[in-house]
Amino acid sequence: MAGIGISMIVIVALVGLAFVGLLVVMAGVGMYNGLVRLRAESRNAWSQIDVQLKRRCDLLPNLVETVKGYASHEQKTLEGVISARNQALQATTIEDRITAEAAVGRAVKGIFGIAEAYPDLKANASFISLQEELSSTENKIGFARQYYNDATTQYNTKLEVFPNNLVGYTFALKTSPLFTITNEQERDVPKVNF
């Protein structure tokens with residue numbers, strides 16, 4: 001009888017350990033799947049930014065050509081826009097793309113600065129249309145960046161908290177970069193003169 005009691009205790013203990021092991025595995029799978037879902041959402045958010053950045057890059061050659069007709073001696077600024085655009089299109093990592101796109105944004109501001117000195121250019125229908133399209137695209141980029149940063153922050157936070165960080169480390173999951181202001185010029189409040 002004592003042997004049967006001990007055997008029964010061992011069996012119950014083994015079943016209990018198997019159950020606890022199954023719960024641990026299921027929790028790990030749940031954490032991993034949650035991390036993968038958030039990473040996929042972050043990647044989708046990046047692709048939304050990428051679409052808008054590509055649209056902006058597609059608009060720039062037309063804008064440069066329009067400005068060339070009025071301000072041909074502003075060649076350095078125009079070449080800077082095309083150079084920044086080409087660097088953005090060639091960037092392969094998110095970090096490189098973020099840096100390159102900041103340069104594109106500064107270059108576009110330079111073109112609009114040129115337009116201020118040329119009233120005929122500011123009145124040109126093609127320039128006005130391109131300026132409106134770029135402005136609309138910049139707004140879409142802003143919203144897409146916000147969504148990307150929100151999705152990426154959720155992913156990064158979940159990846160870094162315990163016990164998810166153990167699962168993330170096990171599967172070599174990495175945090176994703178956020179879109180941030182890359183230089184102090186972008187932080188400056190624009191000056192308005194009347």
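A nonpolar patch on the surface is formed by Phe-19, Val-20, Leu-22, Leu-23, Val-24 and Met-26, which together have about 590 Å² of accessible area. Such patches are made of residues with over 30% relative accessible area and no salt bridge, where nonpolar side chains (Val, Leu, Ile, Met, Phe, Trp, Tyr) are joined within 5 Å and like charges within 9 Å; accessible areas come from the Shrake-Rupley method with a 1.4 Å probe, and for residues only the protein chains shown count as cover. The structure is a predicted model, in which local features need pLDDT of at least 70 and side-chain atom pairs count only at pLDDT 80 or more, whereas totals for chains, interfaces and linings use all residues. Residues are numbered from 1 along each chain as its sequence is written, and side-chain values use heavy atoms, with hydrogens and water left out.

Val-24, one of the patch residues, belongs to helix H1 (residues 2-70), where helices (H or I, at least four residues) and strands (E, at least two) are DSSP runs numbered from the N terminus. With a relative accessibility of 55%, Val-24 counts as exposed, a class that requires over 50% relative accessible area, while buried means under 20% and partly exposed lies in between (1.4 Å probe, protein chains only). Ile-6 is also found in helix H1 and is exposed at 54%; its C-alpha atom is separated by 81 Å from that of Ile-82, which lies 76 residues away along the chain.

Seven salt bridges are present in the structure, each being a side-chain nitrogen of Lys or Arg within 4 Å of a carboxyl oxygen of Asp or Glu. In one of them, Glu-41 pairs with Arg-37, with the closest N and O atoms 4.0 Å apart; both residues lie in helix H1, four residues apart, or about one turn of the helix. An α-helix has 3.6 residues a turn, so residues three or four places apart point the same way.

Other salt bridges connect separate helices. The side chains of Arg-97 and Asp-50 meet at 2.6 Å, N to O, and because Arg-97 lies in helix H3 (residues 94-116) and Asp-50 in helix H1, this pair ties together parts that are 47 residues apart in sequence. Arg-97 is buried, with a relative accessible area of 10%, whereas Asp-50 is partly exposed at 28%. A salt bridge of 2.4 Å, N to O, joins Glu-101 and Arg-56, linking helix H3 to helix H1 across 45 residues, and both of these residues are buried. Through shared partners, salt bridges join Asp-50, Arg-56, Arg-97, Glu-101 and Glu-138 into one network.

Thr-137 is placed in helix H5 and is buried, with a relative accessible area of 0%. The 36 residues of helix H5 (residues 125-160) should span 52 Å, and the end C-alpha atoms are 51 Å apart, which agrees; the expected span is 1.5 Å times one less than the number of residues.

Two backbone features were found in loops. The peptide bond from Phe-162 to Pro-163 is cis, with omega near 0°, and Pro-163 is located in the loop between H5 and helix H6 (164-170). Ala-172, in the loop between H6 and helix H7 (184-187), has a positive phi near 55° although this residue is not glycine. Most residues other than glycine have a negative phi, and most peptide bonds are trans.
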